[in-house]
Amino acid sequence: MFATRSDSPTVPARDSSSESWVKLRRLLGNWQGMTGLVLVILFFASALFAPVFATHDPNALDIPARLSGPSLAHFAGTDQLGRDTYSRVLYGGRVALQVAAIGISVSLAFGLLLGMLAGYGPRWLDNALLLFFDVIRSFPTIVMALAAVALLGPSLNLILAIVIVTTIPGYARLVRTSTMALKNTEFILAERALGAGFGRILWRHITPNVIGPMFILAAMDVPVVVTVEAGLSFLGLGVLPPTASWGSILNEGYLLIRETPWPIIAGGIPLVLTTLGFTFLGEALRDIFDPRLGKGR
Amino acid sequence: MGNLVEIRDLNVSFSTARGSVRALRDVSFDVPRGRIVGIVGESGSGKSTVIWAMTQLLAENGRVEGGEIRFEDRDILKYDADSLRAFRGAQASIVFQDPMTSQIPVKSYLQQMLDIAYRNRDQSRAEKTEHAIAMMRRVGIPDPEQRIRQFPHQFSGGMRQRTGIAMALLMHPQLLIADEPTTALDVTMEAQVIHLLRELQREFQTTMMVVSHNLGLVAELCDEIVVMYAGEVVERGDIGTVFASPAHPYTRALIDCDPARVLERSRYLPTIPGELPDLRRPPDGCVFVARCPHALARCHSERPRDHAAGEGQSVRCHLFDPTAPQATGMSLPHGQTAATPNRAVESVDAPVLISVRDLHVSYQASGGPRALLPGQKRPSIDVLVDVSLDLRRGETLGLVGESGSGKTTLGRSILGLVPAKSGSVRFEGRELTALGEHAFRPLRQNMAMMFQDPIGSLSPRQTVRSLILEPFDVHRPDAGDRDALAERLADMVNLPRELLSRYPHQLSGGQARRVGVARALALEPQLIIADEPTAGLDVSVQGDVLNLMRALQIERGLTYLIISHNLPVVRHISDRLAIMYLGRIIEQGDCEAIFHHPAHPYTEALVNGIPRPDPTQRRQLVSIEGDVPSVARRPAGCEFHARCRYATDLCRAESPAERPLSDGRTVRCHYPLID
Amino acid sequence: MWSYFCKRLGLSVVIVLCALLALFLLLHLIPGDPVKIALGTRATPEAIARYAEKMHVHEPIYYQFWIYFTQVLSGDLGADVFSNRSVTTIVLEALPSTLILAAVSLFWAALIGIPLGCLSAVRPNSWFDRLTGVLSVATIAIPSFLVSIWSLLVFAVMLKWLPVIGAGDPGDFWDQVSHLILPAFAVGLGWVGYLARMVRASMLEVMNENYIRAARAFGLRERTIVFRYALKVAILPTITLIGIGFSGLLSGTVFAEIIFTRPGVGKLIYDMVMNRNFPVVQGAVLVTTAVYVLITLCADLVVAWLDPRVRDSL
């Protein structure tokens, strides 16, 4: 039965271009969204143009200048081998970007596919996939990564694999829930009554409706992925030396904690700014485009 | 006596992302003590905003811009938080539209009622409980001592609404406000609730305000009426006077549009052309001017004032300005009179298009953990039982039933969207139930479906153009010039061509429904199954859609299966009716015969349950008690026996077979009301 | 309710079994000799022989799994490669310290986060709400291992207020408490923000429900409406979240234990990974997963029991 609530009127939009314009203006007008956008752009720019911004070769040794504090020559000081921490941080951003970009795109693709299969496919497939997602989620991420590293040895590819496997369930579940909700809506029934095929329904009518929330979730997942990479590298289980990564810079700094605080500070700040940036941006996007998207995972 | 509530020049605005909406403008009316005042209007009229402003419970973005609301000569709008709390619930209380969402799911009714009664400090907890139980009993909850300890989800819809009334009356308020009290209920429950409200109002000497879009409800229940349109009160007065001689052109059109008012069946329903004005920029002149058949020049530029019309009747219209020379209002003829064309096809002799025989549909219930074990059969719930019907080419069959009757399932299973358990569905003699989706697909060109929700049944990320062209993409990809096709379809359903580039959420309900009709008719099918074609539409738009469907039927010889809970609407457009109850067709035959002389007691209750927009014909009797049972717990014997006043032992023991009557109808009853 | 309980319990068992299978297969799917992979290069020949005999490595793989499965079921998680101590004993020794850290972290986070979320939701868009919002996002965004390192730097190394490493003297309660403060701060900080936001969001959602408007229309006191109506509904998703989020908390404790050199399951796993002592890693991961699954199960059951709709429909 239709119960219309007429107490809070909504004005139907008369054209769609002004609608997206209103949303963009809301994003830029919101200081959190603006801060997030600036930080995210900074992250991409510093990683992509690291060779331009760097003042030193990140792996060049300068033993006489080891463990120096910030100066004009070394903006963020040097480590125990005299390498320039500022330049190493810039190059470390490239590793973070690499893991986040590759990991999340692969995981998005798989999540979309598996989620739609679970949501639209037969019941047994749904149950099997759900169990699979539950099992993966039941492995505490870091503990699982440790077990894998114990057997396979540290590498960047392993980090990528861990990131992909652990983030797929999040996307797949989101897609599954929306697909299941959509499956029983009248417009999908209407498509079936019209004789539209399986592929047409999934691609033309379900995908456009689930893809938006996925991108918002992806933005909010970047901090998680970057943290996993930094964390594993911090434990010495990620990228191999001498490649610079925020995690390995922090690890070296941790071992020198009584001698100099600078590597810890310099390695941590970009990590915090990146996670903060993506979180702010993701939240702002969610508030504007999809206020009802899950608040937690 | 005097007035309990006096509303003067009330103005309310809502700020939205797209500008400020002036939802109420200079609303003034009185609520006399001990009377029932009905506030009537279509969606967007601001009728609910009045009561939320009164209780200071406007949505966050709403603001009272001016005016006063005097309750016992004190302005409610100036109340501080404490007096407001004392006012709400104790002096004025509300019965909500939807009992499913307005009762907190995690508290039992007893807890909820004790929370309301916290003010009675002199009462002990036991006394408060006693009082709450007495009130539950008064509103007709059986076994209230036990049931009051239950939670909302354990009550049926009708019981929930009764309990909602009990909660509202718990503190014996002077003013009872009912916000669409029956909109969420089925027809038979609606009649019961109207009856209960009237009884309680008399017993408690309460003053009432009833907000509704349903003229029938207001005519049945109220003493006075306030008609609202686009945020203004356009007419108010005594219920009898207003219904007998509506003064404002809008009131008149609204009454004309109500399908339940028309006693003689007419193929075309009156409508009000046009749309609501944009309330961000209300028109300078009269709010109704754009849709008014009698608009004068001054109506466009000058805002009308309230003028007296009949006895105790006031109308905001220039036609009634006594100083103007052309004050002709009193003698206006009624709006467009309904034309009654002949039947398009003599359907009795036409060949059978769809034939359903003994159709059985059941859903699997989700059983307990045992159901996960292999080899265990999960319990199933029968949704359709032994359904048989024939649909002849060119005729219109109305399928009527309350929620849970299986009418929607029947429509969907004919199209193979819901698998049948047993039985047969034949289309032009071809068996459909055994067809796989692939084999079914070509047939779908010949049978289209229109779904309930006008906007929700359109894929939200597609433009109107691609939506109405989609049938061609699926079945005839090489159909020729797509632009020409799209425009031809838009013209066919009178959809302005500039809407082709819009998305569904940018359309009004009526426009979206036209898109649905265009999609259904794109491939020129023979059969159209329309599920609640008028649901979610205002009365003034309903007729528009039905007239369009009727015109297209005559033009193309279409066959319609119209599924609806709304008997008065279906009756005007159907040749034959089939009445469903708990998954069975309990009566089927000629439309007028069934409507005037129902054979099954349930049909009789449905026909009597229609509230008629005529205050001179109020019904005294409520012919049917109780709620629709759940299909999961089917009563033994005749499924209707528990609610049937003619039921005998035979009915309780044995399910009646379908039997023909002398006039060609069939009925499933041991004791049909006519032979 | 009973059928729900059985279903949920069954699911938990299946998850633990899958974990078991995964840990077993991980070893056998990697090319090479499973024994060498499991025990690393530094294992003594005796240890290798012991392991090969115990796991029946020359039998077919399904039989090996069956052996492993029955051993785990009887509480035998294998033996340390170097010391030959029982893994079950080693893990059970480490577990209490980790559970205490996780519980204390979650407790202080809930104690601050839930009221913050409530207060924000009562006055949305006030300065208090905005401040809480920014702080919440900030605490969520800073990775917990970074909080550990920075707090170690500030409070232990620079200010020297609190001890740097270890879990404290087992006999001295206050010493143990002082060793718990920094790790618990680091692990719980993100959860303060997380819970505050979660509670705020579900409170705001509930406060928009029709039944809250109805409660206001019946003149109920605002206090009753917020705490006895809205919170009662809004707390349900939060409980589920705490249960599910325990995974994140366990990851947090891994870093805190390593950084503060505090004994616990996380530190144990890390050390054993570094030593290539796979049997201990295997056993500890299995126990961690089981603990996690058990806590999620409890949270779900509590929610089901608190919500009459769920209670009846199951």
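Let's start where chain A meets chain B: 14 residue pairs are in polar contact there, counting pairs with both residues at pLDDT 80 or more. That pLDDT score comes up because what you're looking at is a predicted model. Which parts of chain A face chain B? The elements giving two or more residues to that side are α1 (16-29), α8 (186-194) and α9 (198-234) of chain A. Of these, α8(A) has the largest share, eight residues. Sort that side of chain A by class and you get 14 nonpolar, eight polar and 10 charged residues.

Charged partners meet here too. The rule finds four salt bridges across the interface of chain A and chain B, and you can look for one between the side chains of D473(B) and R200(A), at 3.4 Å from N to O. Overall, 32 residues of chain A are in contact with 50 residues of chain B. The two chains bury about 3,900 Å² between them, with 52% of it on carbon and sulfur atoms.

The buried area is about 4,500 Å², and carbon and sulfur atoms give 76% of that. How many salt bridges are counted between chain A and chain C? The count is one: the side chains of E283(A) and R197(C) meet at 2.2 Å, N to O. Polar contacts come to five residue pairs, again with both residues at pLDDT 80 or more.

Notes. Residues are numbered from 1 along each chain as its sequence is written. Chains are lettered from A and ligands numbered from 1 in the order in which they are written. This is a predicted model: local features need pLDDT of at least 70, side-chain atom pairs count only at pLDDT 80 or more; totals for chains, interfaces and linings use all residues. Side-chain values use heavy atoms; hydrogens and water are left out. Contact means heavy atoms within 4.5 Å. Buried area is the accessible area (1.4 Å probe) that two parts lose on being put together, summed over both. A polar contact is a pair of N or O atoms within 3.5 Å; within protein, one must be able to donate a hydrogen and the other to accept it, and residues adjacent in sequence count only if both atoms are side-chain atoms. Helices (H or I, at least four residues) and strands (E, at least two) are DSSP runs, numbered from the N terminus. Ala, Val, Leu, Ile, Met, Phe, Trp, Tyr, Cys and Pro count as nonpolar, Asp, Glu, Lys and Arg as charged, and the others, Gly among them, as polar.
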